[in-house]
Amino acid sequence: MEFKRKPRSYKELPIRYSEYDVLHRKEKTGQLNGLLRVQEFRQDDDHTFVAEDMIESEIDDILSIADEIYKTFGITYRAEFSTRPEDFMGDIELWDEAEAVLKKILDKRYGEGNYEINEGDGAFYGPKIDLQIKDALGREWQCGTIQLDFQLPRNFELKYIAQDGSEQTPVVIHRAIFGSLERFIGIIIENFKGAFPFWMSPYQVAIVPIRPEHNEYAKKVAQTLKGLHIRVEADYSDNNMKQKIKKFKNYKDPYILVLGDKEMENGTVSINLRGSNKQLNDIPLSTFIDMCLTMNREHSLELIDKKPE
């Protein structure tokens, strides 16, 4: 085990081991459900080793990160506290201590009674906090989880040297925030119905030259946007303009630029807005670029402002 490879000091704690790796779960065939329930998935798995007096601050930080991530995607969640199961491992006294710590954290963060207690549904090695997210159909899925483990470090005889020189056993916090990445992506796709915010859209701008003679200008516009890290797709085919626009509307690109004689002559663009029948005509390309960069920048600044101190 990585923690046990060398002597550890209290000065090193917390020690966090994180990985994104492939996991497998033998789900019954009838339970498989798109991206939401699969047999092979990836998880943002983490095991953090802490001293007992670090538990509250570490879990509070994890919940703050979960808040930041979920709010970024416009997702709300509820916390669920799962207690000692019948097939628990270890001493009841340690379980009581672990459950009391988690209850204190939840009461402080959400208020007493503002979370659900799921009696007997903890992991065999410790109680846990599950973060339940609703999809577009109102179904709840467990994504994030924070599990407090006093048992396994004792079973593996893990030790660190405390400030007073004594040997102490660390506590392990098992945590995932996205949980199954496939499930989280599936929930996001359904919640947005494929119409992602500008910053998140796979392609942010679609370009439709009206006729083949407008392709050269369309390529220059596409090259300019790509040079500014704006994600662009274009249709330079001989298909009818309405067919091209309909295709990109089905793709739910936020903006569709329609380029013809007037736009090519004036160095402008005409913009079809997603979810609207409105078209903004003859907009200077520089104005459109500023609009795109502002939306990307504002989201980046919002994320920076949200970062915990």
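Is Phe196 buried or exposed? Okay, let's start there. Phe196 is buried, with a relative accessible area of 12%; buried means under 20%, exposed over 50%, and partly exposed in between, using a 1.4 Å probe and protein chains only.

Quick housekeeping. This is a predicted model, where local features need pLDDT of at least 70 and side-chain atom pairs count only at pLDDT 80 or more, while totals for chains, interfaces and linings use all residues. Residues are numbered from 1 along each chain as its sequence is written, and side-chain values use heavy atoms, with hydrogens and water left out.

Now, the rings. Rings of Phe, Tyr and Trp (its six-membered ring) pair if their centres lie within 6.5 Å; planes under 30 degrees apart are stacked, over 60 edge-to-face, and the rest tilted. That rule gives 14 aromatic pairs. Take Phe192 and Phe196: their ring centres are 6.0 Å apart with planes at 65 degrees, so we call that pair edge-to-face. Phe192 itself is partly exposed, at 22% relative accessibility.

Next up, Phe198 and Tyr255. Here the centres sit 5.7 Å apart and the planes are at 50 degrees, so this pair is tilted. Phe198 is in the loop between helix H4 (181-192) and strand S10 (205-209), and Tyr255 is in strand S12 (residues 255-259), so the pair ties together parts 57 residues apart in sequence. Helices (H or I, at least four residues) and strands (E, at least two) are DSSP runs, numbered from the N terminus. Both Phe198 and Tyr255 are buried.

There's also one aromatic cluster, formed by Tyr70, Phe73, Tyr77, Tyr110, Phe178, Phe184 and Trp199.
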